[in-house]
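Colleague: Thanks for making time for me. Could we go through this model together, term by term?

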Amino acid sequence: MKVALVTGGSAGIGKITSRELAKQGYHVLIAARDQVKGDSVVAQIKADFPDASAEFVAVDMSSYDDVRALCEDIKARFDHIDRLILNAGLFTSRIRKNEAGHEYMFAATHMGHFLMTHELMPLLKASDNARIVVTSSVAHWVGNVLNFMDTIENPPKGDKGMLKQFLLYGRSKLANILFVNGLVKYFKDEGVDTIQVFAYHPGGVKSEFYRQFPDMVTKVVFPFLVSEEKGADTQIYLATDPNLKATGGHWCRRNPDFRSPSAKSEPLTKQLWEYSERALGIDRFGS
Ligand SMILES: NC(=O)c1ccc[n+]([C@@H]2O[C@H](COP(=O)([O-])OP(=O)(O)OC[C@H]3O[C@@H](n4cnc5c(N)ncnc54)[C@H](OP(=O)(O)O)[C@@H]3O)[C@@H](O)[C@H]2O)c1
C-alpha cells in the first residue's frame, strides 16, 4: 500500500489533502499537535470513505525530540513513504522560542521539516516514485527585506510587534523554498531521480491559520480568501498528478510561480542548508 505523511493534516489545506490521499488509496499518517482534532478528522475520513486507511500521529514540529520520536516510530512500522506533504505552519502573534532557542515559526515550519525529511530519507528512497510537497507562501517575498541568515543566527529579542511577526512568518516561508532548492541539488548530487520535490503557494485560504491575527485584520482579509478546497488544489495536484514530470520550484494554481530574488539565491540555499545540518547535529543529510 502507498503511504503518505501529511504534517498539519488535521485542519485547513492539509485536512483536504489528507482526505483526498486516503480516498485515492494511500495509507495516510496525519501529523499535528492536537490529538482530539486529529482523531475527529480520521473518523470523518473513515465515515465518508469506508475503505480508506488513515491514522493520527501526534507531533509538535517545533520540538526536535518529538520529530525524531515520530520518525523512529514510522521507520519501525513502514519500509517506504511515497508522499511527504510538509504543510504544518502557523502564525504566532508574539515571539516564542522552542527548546533549542529557535524562533517558533521558523522551528516548526522549516527546522522540524528539515529534520523529518533527513530522518525519513531512506523510506523516501525506497519508494519507486516519491514526492515531497512543501507549503510555502507568497509571503516569502517579505523575507527578502530581512538579513536572512543574521536573523536566524541571532534570533530577535522578546517583542510583540505584529509587523516583526509578519516579517518572521515571511522568513519561515522563504526557508521553505530554500529547502526545496537544497533538496533538488541534494537529489542531483546523489543521482536520485525517483523523488520529485516542490514548494507552492496555496493562495489566501479561509482557515484556522488566521486565529492569531488581530480581529480587525481578519475582518478585512476574510472576504478575499478562498475555500480550503481551493487552497488545497495545487498541493493535491503536485502530490498526485501522474503526468507531472517536473521537479523543484515554487508553484501556484498548478503552475510555476515567481520566486523572490532571495528564494532563487544559491548562496542563501547553501547557507541555510549548512546552518540546519549544524544546528540539528546532522553529519550527513539523508543517511
Ligand atoms: N491560510 C492561508 O491563507 C495560507 C496562505 C499561505 C500559506 N499558508 C500555509 O499553509 C499551511 C497550512 O495552513 P492552513 O491555512 O491550512 O492552516 P490551519 O487551518 O491553521 O492548519 C494548520 C495545521 O498545522 C498544524 N500545526 C500548526 N502548528 C504545528 C506544529 N507546531 N506542529 C505540528 N503541527 C502544527 C495544525 O494542527 P495543530 O494546531 O493541532 O498542531 C493544523 O493541522 C501553513 O504552512 C501556512 O503557513 C496558509
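Colleague: Which residues of the largest nonpolar core touch the most other members?

Modeller: Val28, Ile30, Ile132, Val133 and Phe198, out of 70 residues in that core. Helix α4 (residues 104-125) gives the largest share, 12 residues. One caution: this is a predicted model, where local features need pLDDT of at least 70, side-chain atom pairs count only at pLDDT 80 or more, and totals for chains, interfaces and linings use all residues. Residues are numbered from 1 along each chain as its sequence is written.

Colleague: What makes a set of residues a nonpolar core?

Modeller: The members are buried Ala, Val, Leu, Ile, Met, Phe, Trp, Tyr and Cys residues, joined through C-beta atoms within 7 Å. Buried means that 20 or more other C-beta atoms, placed from the backbone, lie within 10 Å of a residue's own. Buried residues make up 43% of the 287 in the chain.

Colleague: Which residues does Ile132 touch?

Modeller: Leaving out residues up to four places away in sequence, Ile132 touches Leu84, Leu86, Thr117, Leu183, Ile195 and Val197. Touching is contact: C-beta atoms, placed from the backbone, within 7 Å.

Colleague: Why does the radius of gyration of the chain agree with a compact globule?

Modeller: The rule, 2.2 Å times the number of residues to the power 0.38, is set against a radius taken over C-alpha atoms. For 287 residues a compact globule would have a value near 19 Å, and the chain has 18 Å, so the two agree. The C-alpha atoms fill a box of roughly 50 × 45 × 35 Å along the principal axes.

Notes:
A residue is buried if 20 or more other C-beta atoms lie within 10 Å of its own, exposed if 12 or fewer, and partly exposed in between; C-beta atoms are placed from the backbone. Helices (H or I, at least four residues) and strands (E, at least two) are DSSP runs, numbered from the N terminus. Two residues are in contact if their C-beta atoms, placed from the backbone, lie within 7 Å.
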